[in-house]
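Dear colleague,

Please find the structure below for your records. My notes on its sheet and helices follow.

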Amino acid sequence: MVGGTMILLSQAGYSTSIPAGQRMHPVQGKEGMVVTSHFLATQSARDVLKSGGNAIDAAVTAAFSLAVTQPRSGNIGGGGFMLISSEQKDEVVAIDYREKAPGRASADMFLDKDGNVDREIARFSHLAAGVPGTVAGLAMALEQYGTISLKEAMTPAIKIAAEGFIVTPRFSDGLKNKEKKLKKWNSSRKIFYKKDGSYYEPGDLFVQKDLAATLNRISQNGIKEFYEGKTAELLVAEMAKYGGLISMDDMKKYSPVFRAPVHGKYRGYDIYSMSPPSSGGVHVIQILNILEGYPISEYGHNSAKTIHLLAEAMKRAYADRSLYLGDEDFIKVPSKGLTSKKYAAFLREGINSEQVTSSITISPGKPLPYESEETTHFSIVDKFGNGVSNTYTINFSYGSGIVVEGAGFLLNNEMDDFSAKPGIPNAYGLIGGKANSIEPNKRMLSSMSPTIVKQDGKNFLVTGSPGGSRIITTTLQVIMNVIDHGLNMQSAVAAPRIHHQWLPDQLRIEEGLSQDTVKGLQNMGHKVKQKSSMGAIQSIMIRDGMMYGGADPRRSTALAAGL
Ligand code: DON
C-alpha cells in the first residue's frame, strides 16, 4: 500500500522548468501542490484538491490525517496557527487556535516549595496541558473559507485510523525512543505498544480504534462534540482523576480567533507571518529587516560573513523576544516598533560586521537539551489562488505523553511554553518574564511562524517549520535562500542551517558547513556547536504559473505532491 502510494505520487510531476543541471529538484504542479511531513496526509490532501476542493479543504484534511499518521505532532489535543492567503480577495488572514491556560491556572503553578520550577510537572503531567484548540481552529477555517463539510474533510483520517496504516521506520523509532515517557500511562501504553508491551515494527499495521471513534463522533456532531460532548467528558474526567486543571467550563469557553498577520517588506517582497501570541512573525520580520541592510547575496550563501551577520541579527531579536512578547489579549506587544525599518537600522548600527558581540546575560539558568522535539508544518496551494500555511503542535514529541483514556489522543504539554519563572529557560532555552507569565485563559507564547510571501500581490512562497526556538531562524533562512541566493525550492529547504537565540551564547550549525567557514566564524569570536538537524520546513514556491514543492529531507516521511 505504501509503495503503491509513492509510485502514484511520484508520477504527479510535470516537465521541468528548473534547469536540468540543478543538484536538487522540487516537485512541480500547475493546479495544486501539497507538502506535508507524512506521505499519507499529503495523499489525502492532494485527493481533496483533485476532486475540486480548495487549499483550505485540503489543509483541514491534511491536519486530521496527520493527527492519525503522525501522533508525535499531528494532533487534536494541541493547537496551532493557520495563515490563509486568498489572491482573489487580496487578503491574508491568520487563525489563532493556540491552546489556552485553564481558568484555574496560576503564575506559580509550576514552582515547588523552594520556588524552583518543577520541570517534570510543567512538562509531563496533566497540569502541563493547555485547553486544546485544534478542532475548533480547523472547523473555523473550513466554515469561513472551505467548500466541503467537516465530515468530508475528516473522512480520510477516520478511515486511516480505523483500518490502520503500515508502520514506517520513523514511526517505529519514535515510539521506541519515547517508551519510558509513554509507558508511564496505561492509556498511552495501550495505544502505542502491543498487548505484550512489544514494539510496532516497520511493516506492521497500526490501528487506532479509540481515535477513529473520537474523530467519527466529531465528524457527525461537529466541534460541540469535542468541546461539550463525550470527548470533552472523557478529557475532563482524565483531568479530575489525575489532578489536571482543564474543566468543562474551559472546554466550552474555548474559541479560536481571527488575527491580522504581521506584515513586513524584504527586498520588495511582502512577508506575512504569525502575529502574537506567536513571536514567530514579529521576529522573522525583525531579523529580515536588519539583514536587508547588507548585500547578503554578494557575501554568499552560508559564507562565514553571511552566517556571522545572521547570528548577530538573530541574537538581538531573541533578546527582545524575552522581554516584549506574549499574548496580546493580556499585554501590549510593541509589534510595530519591533518590525519597523528604523528600529532595524538602529540595531544594525550595533553590529560589528567582523567581530562577535557577546550576548548579555540577564539571568543565569541553563537550557535543558531537548533536541528531538516535534511540531509539524504543512503548506498547500490550489488553482484558485489560495495558499495555506499551517503549523500545529502538542509541543514535545508525543506532547505530555498522556493519552486521554477512551478518546485515543495525546494531550499537549504546551504550558511549558509559558515562562514559569522570570529568567528561567523553558525546554527550548527560551527566557521570558512578565509578558509571558502564566495567567488564567492566557495563551502561551509560541515561536511557530507559518509564513506567506507575496510578490506583486501574488502568492510567491508558502512556508513554515517545526523546531521550537529554531522555527523562526529556519523560516527566515529559507526565505533568504530563495530571495537572496536564488536557490530553487528543494535546494532552499535542504541547505544546511544555522541558529542563534542570544542565550545560550552559542552559534548552532547543522552538518554540511565547511571547516573553513567554521574556522572563519570562530576567528570572529563565535562559539560554534554542530548539533542535530533543525526544523522540517515544508514549502511551496509559485512562479510563472508553476508550483514548486520542497519537502524537507530532514523528515524521512515528508512528501511534496503536485497536480
Ligand atoms: O509553540 C512553540 O513555539 C513550541 N511549542 C513549538 C514546539 C516545537 O516546535 C517542537 N519541535 N520541533
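Strand 10 (residues 375-382) and strand 11 (residues 386-393) run antiparallel and are joined by 7 bridges; Ile-380 has Val-388 of strand 11 as its bridge partner. Strands here are DSSP runs of E with at least two residues, helices are runs of H or I with at least four residues, and both are numbered from the N terminus. This is a predicted model, in which local features need pLDDT of at least 70, side-chain atom pairs count only at pLDDT 80 or more, and totals for chains, interfaces and linings use all residues. Residues are numbered from 1 along each chain as its sequence is written, and side-chain values use heavy atoms, with hydrogens and water left out.

The open sheet consists of 7 strands in the order 7-4-3-11-10-2-19, with antiparallel pairing (two strands pair if DSSP finds at least two bridges between them). Strand 7 (257-259) and strand 19 (559-562) are at the edges with a single partner strand each, so one side of each lacks a neighbour in the sheet. From one strand to the next, the twist averages 15°.

Helix 3 lies across strand 2, strand 3 (79-86), strand 10 and strand 11, at about 155° to strand 10 (axes are lines fitted to C-alpha atoms, for helices over the stretch in contact, and angles run from 0 to 180 degrees between N-to-C directions; contact means heavy atoms within 4.5 Å). Helix 2 (residues 39-50) lies across strand 2 (32-36), strand 10 and strand 19, and runs at about 160° to strand 2.

Just after helix 10, Gly-222 adopts a positive phi of about 80°.

Yours sincerely
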